[in-house]
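These are some comments on the model, written as numbered points for discussion. They go from the contact between the chains to the individual chains, and then to the sheet and the core.

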Amino acid sequence: MELVKYLKSADLKSWLQELARENRVFAPRNEGDSVIFAPFDPEQEIAIVHPATLPPKKTVFPQSEKLVDFTYSKDPENLSRIMIDGKEVLPEGTAVVFGGRPCDVRGFTMFDRVYLAEKSTDIYYQARRENTTFITLACEKPETTCFCHWVDSGPTDATGSDVLATVVDGGYVLEALSDKGSKLLTSTLLENGESRKDEARKAHEKAAELLQDAPDLSGAPKKVLQVFDTMEFWEEAAAKCLSCGACAYLCPSCYCFNITDETIGMKGTRIRSWDNCMSAQFTMEASGHNPRPTKAHRLRNRVGHKFSYYPDIHDGVISCCGCGRCIKSCPVGTDIREIVLQAIEYEPAVGEEQADEQ
Amino acid sequence: MKFQEELKDSIRKALPDLDVVLGWCGSFDPLHATPHFIRREEDIDKLEISPLSVHNLATYLPGLRGKKVGIVVKGCDSRSVVELLQENLINREDITIFGFPCTGVVDQAKIKKALGHAGNVRTCDISDSAIVIQTEDKAHSLTLTQMLADKCRTCRYPDAIISDYFVGDKIGEPAPLETDYAALEAFESLSVPERFGYWLKELDRCIRCYACRSACPLCVCRDHCAAESRDPHWLSQENNVRDKVMFQVIHAYHMAGRCTECGECQRACPVDIPVLMLKQKMNREIRDIFQYEAGVDPEATPPLLSFNMEEENITEKEW
């Protein structure tokens with residue numbers, strides 16, 4: 001079962017080109033000053049030295065996707081009778097995502113618990129998830145905003161990935177972690193990598209050594225819930241937040257969406273598009289009532305969902321993969337680590353605690 | 001900064017009568033600052049003014065309406081405060097303004113480019129002329145003027161236009177390092193297909209997070225934005241570059257003659273889309289037609305918020 005290959009750096013593009021014959025291949029590349037995942041183009045450089053600005057979330061969960069095409073028609077015998085004919089549009093084809101980081105890909109395992117639940121499986125998500133293979137690049141060193149090791153992961157954690165690629169001298173050691181992964185490693189460009197396994201192992205150990213101590217977040221689910229009603233806490237935490245959606249859209253584990261019908265004349269499409277709990281409209285009810293009227297309510301939900309409500313119903317798994325993009329790319333430097341630690345350390349004022357008990 | 005202690009003293013004096021004072025403090029790494037909300041005496045010590053104080057804190061003012069708010073402003077930020085006052089979006093008597101002589105703030109995108117990567121900054125020392133950044137493997141010495149935001153390179157208002165407390169010596173009218181709108185004019189020399197192609201390419205990576213809107217001090221529709229309105233249905237929610245262009249056009253039009261070019265829209269963009277240029281284009285037109293500059297005179301009425309039967313430079317009768 002265990003399959004280990006070696007790929008020379010010089011052959012990377014040729015290999016991806018081979019894979020692109022049968023799959024849509026996504027790889028990170030420079031767009032302006034950002035690095036984003038885009039369909040692989042051999043003419044362009046692959047930008048994998050540092051983690052990408054955006055995670056490869058859209059490869060499985062597109063920014064917007066068609067769910068149903070529909071057409072209205074009028075009954076010629078009775079013009080007030082309008083009929084609708086709809087057809088679901090399921091995603092087709094297979095995809096390979098090269099160059100995501102362990103945190104990026106682990107994010108999908110948090111989607112899986114929601115979208116692939118037994119009771120209700122999301123067929124659109126399922127089709128893409130099953131048909132996408134992830135070749136993940138092990139991290140060599142953490143950035144100042146990285147905190148994967150706070151949330152039960154690490155720089156070489158291959159959870160959710162199909163192949164783990166490790167940078168070694170002159171190329172990559174590719175380790176297959178699933179059947180899907182093994183099937184990708186058949187190219188003649190790949191050499192046997194057994195002899196380089198130790199080198200990869202050493203790189204993994206070195207990456208782990210560079211991590212600083214992580215605080216204990218095991219108490220987070222309970223503690224974050226305990227401050228749920230302490231609005232002063234959330235108002236202070238959210239004071240500088242602009243309530244934009246950058247954090248959620250850059251997050252590998254944020255999976256919320258909106259469903260809208262985009263109609264022109266008698267034809268239309270029902271689409272699913274990214275939505276985020278920092279948006280005021282997210283919880284706007286038809287009556288006009290909004291149960292999360294302020295940014296404090298909204299940020300409370302974002303932090304609470306990740307560090308309390310989700311772990312509560314999903315075996316204690318924190319639905320944050322620690323990539324740090326929400327910190328690094330926040331226009332005002334909101335730091336989710338700081339908020340969670342403050343919630344853990346929060347001591348209610350004496351009077352407040354008594355009031356709660358009554 | 002030399003005047004920082006003096007500023008802290010002024011805030012200390014004013015704080016008892018205020019609910020909060022907005023300033024800046026250190027952030028997740030030594031290269032970044034973050035908005036700092038001073039509520040208590042002990043919060044004052046954390047205040048730091050430096051070329052990293054990039055955020056325009058005036059963005060928070062409309063949301064804090066009804067509270068007594070102190071705000072530390074750069075010259076450009078004070079123009080946003082003025083514009084908010086001109087539009088009656090905030091009350092002068094509720095705002096206490098702390099000004100200081102600003103010598104410019106950095107553009108993090110320029111620093112990122114100069115370093116190649118800014119994810120592992122250990123220390124950052126800023127002098128009058130240089131920024132020395134220590135990353136895990138190297139010390140980078142960058143010339144401060146080259147790392148300044150474009151708006152600082154063309155700045156004509158380094159001192160707060162209005163203030164209740166001003167610390168330090170006023171700079172007066174400096175000689176800008178660059179002429180206004182030089183980059184815009186270079187872009188305008190391109191053909192229409194080239195220009196439109198540029199925007200289609202740049203906006204293709206927009207994730208529609210609307211950080212550009214949320215960071216804008218004058219985007220005051222807040223929870224009632226055209227971007228998400230379903231009725232009227234201005235924009236589709238599809239990941240479609242034409243809708244993204246459309247939103248930016250709506251934004252730019254709403255800003256015409258109001259925008260002070262603080263650049264927060266562009267700074268906030270997580271995928272570095274140069275959206276400020278669209279607003280600059282509108283502003284230059286306003287300047288040429290109405291000889292008007294936004295946010296420099298609290299008593300002035302922005303041209304598109306007023307109506308004249310005869311406009312001096314719009315000769316519609318001759319059309």
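How many residues does the contact take from chain B, and how many from chain A?

1. The model is a predicted one, and the points below should be read with that in mind. The contact between the chains takes 35 residues from chain B and 36 residues from chain A. On the side of chain B that touches chain A, the elements that give two or more residues are strand E2 (33-38), helix H3 (108-115), helix H8 (211-214) and helix H10 (264-268) of chain B. By class, the residues on that side of chain B comprise 14 nonpolar, 11 polar and 10 charged.

2. Chain A contains 12 helices and 12 strands, and its C-alpha atoms fill a box of roughly 75 × 65 × 40 Å when taken along the principal axes. For 358 residues a compact globule would have a radius of gyration near 21 Å, and the 23 Å of chain A agrees with this. Buried residues account for 45% of the 358 residues in chain A. Where contacts in chain A join residues at least 6 apart in sequence, 69% of them join residues at least 24 apart.

3. Chain A is divided into domain 1 (4-62 + 91-209) and domain 2 (220-263 + 275-353). The centres of these two domains of chain A, taken over C-alpha atoms, are separated by 28 Å. Their contact takes 21 residues from domain 1 of chain A and 17 residues from domain 2 of chain A. On the side of domain 1 of chain A that touches domain 2 of chain A, there are 12 nonpolar, three polar and six charged residues.

4. Chain B has 11 helices and eight strands. The radius of gyration of chain B is 20 Å, close to the 20 Å that the globule rule gives for 319 residues, so chain B is as compact as a globular protein of that length. Along its principal axes, the C-alpha trace of chain B spans about 60 × 50 × 40 Å. Buried residues make up 40% of the 319 residues in chain B, and among contacts in chain B between residues at least 6 apart in sequence, 68% join residues at least 24 apart.

5. In chain A there is an open sheet of eight strands, in the order E3-E2-E6-E7-E8-E9-E1-E10, with mixed pairing. Strand E3 (34-39) and strand E10 (191-192) of chain A stand at the edges with a single partner strand each, so one side of each is left without a neighbour in the sheet. Elsewhere in the sheet, strand E7 (residues 132-137) and strand E8 (residues 163-168) of chain A run parallel and are joined by three bridges. The bridge partner of Ile135(A) in E8(A) is Val163(A).

6. Which pairings does strand E2 of chain A make, and is this strand mostly covered or mostly open? Strand E2 (residues 24-31) of chain A is mostly covered, with six of its eight residues buried. E2(A) pairs with strand E6 (residues 95-100) of chain A in the parallel sense over three bridges, and in that pairing Arg24(A) stands opposite Ala95(A). E2(A) and E3(A), by contrast, run antiparallel and are joined by six bridges, with Phe26(A) standing opposite Pro39(A) in E3(A). The hairpin of E2(A) and E3(A) has two residues between the strands, and in this hairpin Gly32(A) takes a positive phi near 60°.

7. The largest nonpolar core has 114 residues, of which Val340(A), Ala211(B) and Cys212(B) touch the most other members. Helix H2 (residues 102-115) of chain A gives the most to this core, with six residues. Domain 1 and domain 2 of chain A both give residues to this core, so the core lies between them. Apart from this core lies another, of 47 residues, including Leu61(B), Val72(B), Ile97(B) and Val105(B).

8. Leaving aside residues up to four places away in sequence, Cys212(B) touches His251(B), Cys265(B), Ala268(B), Cys269(B) and Val275(B).

How values were computed. Residues are numbered from 1 along each chain as its sequence is written. Chains are lettered from A and ligands numbered from 1 in the order in which they are written. This is a predicted model: local features need pLDDT of at least 70, side-chain atom pairs count only at pLDDT 80 or more; totals for chains, interfaces and linings use all residues. A nonpolar core is a set of buried Ala, Val, Leu, Ile, Met, Phe, Trp, Tyr and Cys residues joined through C-beta atoms within 7 Å. A residue is buried if 20 or more other C-beta atoms lie within 10 Å of its own, exposed if 12 or fewer, and partly exposed in between; C-beta atoms are placed from the backbone. Helices (H or I, at least four residues) and strands (E, at least two) are DSSP runs, numbered from the N terminus. Domain bounds come from an automatic or database domain assignment. Two residues are in contact if their C-beta atoms, placed from the backbone, lie within 7 Å. Ala, Val, Leu, Ile, Met, Phe, Trp, Tyr, Cys and Pro count as nonpolar, Asp, Glu, Lys and Arg as charged, and the others, Gly among them, as polar. Two strands pair if DSSP finds at least two bridges between them. The radius of gyration is taken over C-alpha atoms; the globule rule is 2.2 Å times the number of residues to the power 0.38.
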